[in-house]
Amino acid sequence: MPELPEVESVRRSLERAIVERRVEELWSSGLAMRRVPEPKALREALLQQRFLRPERRGKYLQLWLGSGDCLLVHLGMSGRLLVQDSSSELVAHTHLRLRLDDEQELRLIDPRRFGFYDLLPRGQHDPSLEALGLEPLAPDFGQRFVQVMRQRERPVRSLLLDQHVIAGLGNIYVAEALWRAKVHPRSMASSLSERRLRRLAKEIRAVLDDALAASGTTLRDYRSPDGLPGYFAVSLAVYGREGLPCTRCESGIQRVQDAGRSSFFCPHCQRS
């Protein structure tokens, strides 16, 4: 699933490609996804409207229009947003095409259909966004992070993956940040000192910044709107490296199952 760096990389690419571009035509597949707006309403809202600067909240993309309406997009497990020439060959599983006034098309592709796109009329708020937790790229993240974590009697990894606590993190970057901060994924958040929590907050931001510099991590489906993969996979220290030596101490990386998901860590560097 695309995580915060992948979604933010998409947002930055879209900012270069669609801002001030007008929607000339649209086409939708009509196939069921998690959420799809009524076709007539979508058409009336988008046609002849110009895109403003796109925003991101957690793993959600907000594509703002000059009218004040918003096209809300979530990439789910396998979704991609591509900006391609309108004459280029269509990729399978394309669910939405928006032809722009420069003869480019914004295309949403999602083989598994766990993602969605929806229309938010001007002034309407989406409950999913309002329920999201702290934004890791916000300037005050570090201070707020310490306050939130010290109040929680839950394993630190579980909290970092909870979108109602921290917005946008997933398995890959949680594993990498915990390794960088030398924190065991099963440590109770409330047991960590303020110093260790501050370091963890710093490493969360650092790993996200490093991933953004590499345009994210491509393990399978993810591509940026210009079709390029993310290159952070070559820098992963623990995720997906079970049995391989830790790059810091050479102990073997271990994998355990927590809540049905794999957790990777170094048993020596992350003893507590």
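Which residues does L160 touch, not counting residues up to four places away in sequence? In this predicted model, local features need pLDDT of at least 70 and side-chain atom pairs count only at pLDDT 80 or more, whereas totals for chains, interfaces and linings use all residues. Residues are numbered from 1 along each chain as its sequence is written, and side-chain values use heavy atoms, with hydrogens and water left out.

With residues up to four places away in sequence set aside, L160 touches F145, M149, I166, L169, V174, L178, L200 and I204; contact here means heavy atoms within 4.5 Å. L160 also belongs to the largest nonpolar core, which has 33 residues. A nonpolar core is a set of buried Ala, Val, Leu, Ile, Met, Phe, Trp, Tyr and Cys residues joined through side-chain atoms within 4.5 Å. Buried denotes under 20% relative accessible area, exposed over 50%, and partly exposed the range in between (1.4 Å probe, protein chains only). The residues with the most contacts inside this core are F145, L160, L200 and I204. Two or more residues each are given to the core by helix 4, helix 5 (156–161), helix 6 (171–181) and helix 7, and helix 7 supplies the largest share, eight residues. Helices (H or I, at least four residues) and strands (E, at least two) are DSSP runs, numbered from the N terminus. A second, separate core of 26 residues includes L26, L63, V73 and L106.

In helix 4, the residues F141, F145, V146, V148 and M149 are buried. They cover an arc of only 165° around the axis, which puts them on the same side of helix 4; the arc is that of the directions from the helix axis to the C-beta atoms. The buried residues of helix 4 pack against helix 5 and helix 7.

The structure holds three aromatic pairs. The rings of F141 and F145 have centres 5.3 Å apart and planes at 45°, so this pair is tilted. Rings of Phe, Tyr and Trp (its six-membered ring) pair if their centres lie within 6.5 Å, and planes under 30 degrees apart count as stacked, over 60 as edge-to-face and the rest as tilted. Because F141 and F145 are four residues apart in helix 4 (residues 141–149), about one helical turn separates them. The relative accessible area of F141 is 3%, and that of F145 is 0%. In another pair, the rings of Y239 and F264 have centres 5.2 Å apart and planes at 65°, so the arrangement is edge-to-face. Y239 lies in the loop between helix 7 (194–213) and strand 9, and F264 in strand 10, so the pair ties together parts that are 25 residues apart in sequence. F264 counts as buried, at 8% relative accessibility.

Strand 10 (residues 261–265) pairs with strand 9 (residues 254–258) in the antiparallel sense over five bridges; two strands pair if DSSP finds at least two bridges between them. The bridge partner of D258 in strand 10 is R261. The two strands form a hairpin with two residues between them, and A259 in the turn has a positive phi of about 55°.

Charged groups also sit over aromatic rings. The charged end of R97 sits over the ring of W27, 5.5 Å from its centre, and that of R248 sits over the ring of W179, 3.9 Å from its centre. The criterion is that NZ of Lys or CZ of Arg is within 6 Å of the ring centre and within 35 degrees of the ring normal.
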